[in-house]
Amino acid sequence: MATNKLKVAVIGLGNIGKVVASNLVKGNREVIISGHKLEDAKAFAHQLGSLATAAEVPEAIKEADIVVMAVWFSTIQELLKQYATELQGKIIIDPSNPIAPDGNGGFKKIIGAEESAGQIIAALLPKDSKMAKALGTLGAASLSGAAFQKPEAAVLFYATDDSGINATIEELIKDSGFEPVRVGSIDQSIRIEVFGDLHEFGALGKTVTKSELKETV
Ligand SMILES: NC(=O)c1ccc[n+]([C@@H]2O[C@H](COP(=O)([O-])OP(=O)(O)OC[C@H]3O[C@@H](n4cnc5c(N)ncnc54)[C@H](OP(=O)(O)O)[C@@H]3O)[C@@H](O)[C@H]2O)c1
């Protein structure tokens, strides 16, 4: 059944895009699916059921209030330029980690040690748009496996410079099956990106509930 919540578009049909869209549908949110190929987006939307629809990228952005950029860090930067007009006034969700394979089976950071993808993306935002670093603060496997966990939900951290969208981001995270915890402004993004002290693939090293977080941090 349709809800009157803000409309979400998920751009990118890879590991993160598919999990985020599936979680939102499980949480009864309508989702517009979009990627490189409309046929693939249509097929995935069909799989997700009546709460999901598919659209080409510019149409998906125009139709949505919240745009989840489930593509690589460099692609987000390109899309922000390419769709600067369509993205005006939207809430942009950046789940990216600024990493690339290190050639030894692991990953390396592709920006300065003290830099975050969140801050770099925030500097490129289209006019009147707002942004939160969110939804990529766990690996895809945990984002899928720990969603709607019982008896206590797992935490998903977020950061934003605009506290006016806190409630919107928290609703989005809750509808994805997680407990939202704001770490602060975008300058705190580094803490919730890969290698950060609050990341599953950083010092924290695991998914946590809010109670476990209080004991750990
Ligand atoms: N994987 C993880 O565990 C994980 C965890 C946290 C955060 N993240 C972050 O989430 C983001 C996505 O990662 P991922 O693992 O989902 O990557 P992925 O599996 O490689 O998926 C990326 C998707 O983006 C699509 N894409 C590329 N360029 C596009 C464009 N111009 N327009 C529309 N779609 C485009 C790709 O389509 P094609 O295949 O057709 O090119 C692909 O479906 C990255 O920023 C990553 O750092 C990933």
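F195 lies in the loop between α8 (189–192) and α9 (210–216). In this predicted model, F195 has a positive phi of about 80 degrees, although it is not a glycine. F195 has 17 other C-beta atoms within 10 Å and is therefore partly exposed, because that class falls between 12 or fewer for exposed and 20 or more for buried.

A positive phi also occurs at D128, again a residue other than glycine, with a value near 60 degrees. D128 is placed in the loop between α5 (117–122) and β8. Here the count is 9 other C-beta atoms within 10 Å, so D128 is exposed; the cut-off for that class is 12 or fewer.

Strand β8 (residues 130–133) pairs with two strands, β5 and β9. With β5 (residues 91–94), β8 runs parallel, and 4 bridges join them. Within this pairing, K130 in β8 is the bridge partner of I91. With β9 (residues 155–160), the sense is antiparallel, over 2 bridges. In that pairing, A132 stands opposite T160 of β9.

The loop between α6 (140–145) and β9 contains P151.

Terms used
Residues numbered from 1 in each chain as written. Predicted model: local features only at pLDDT ≥ 70, side-chain atom pairs only at ≥ 80, totals over all residues. Pairing = 2+ DSSP bridges.
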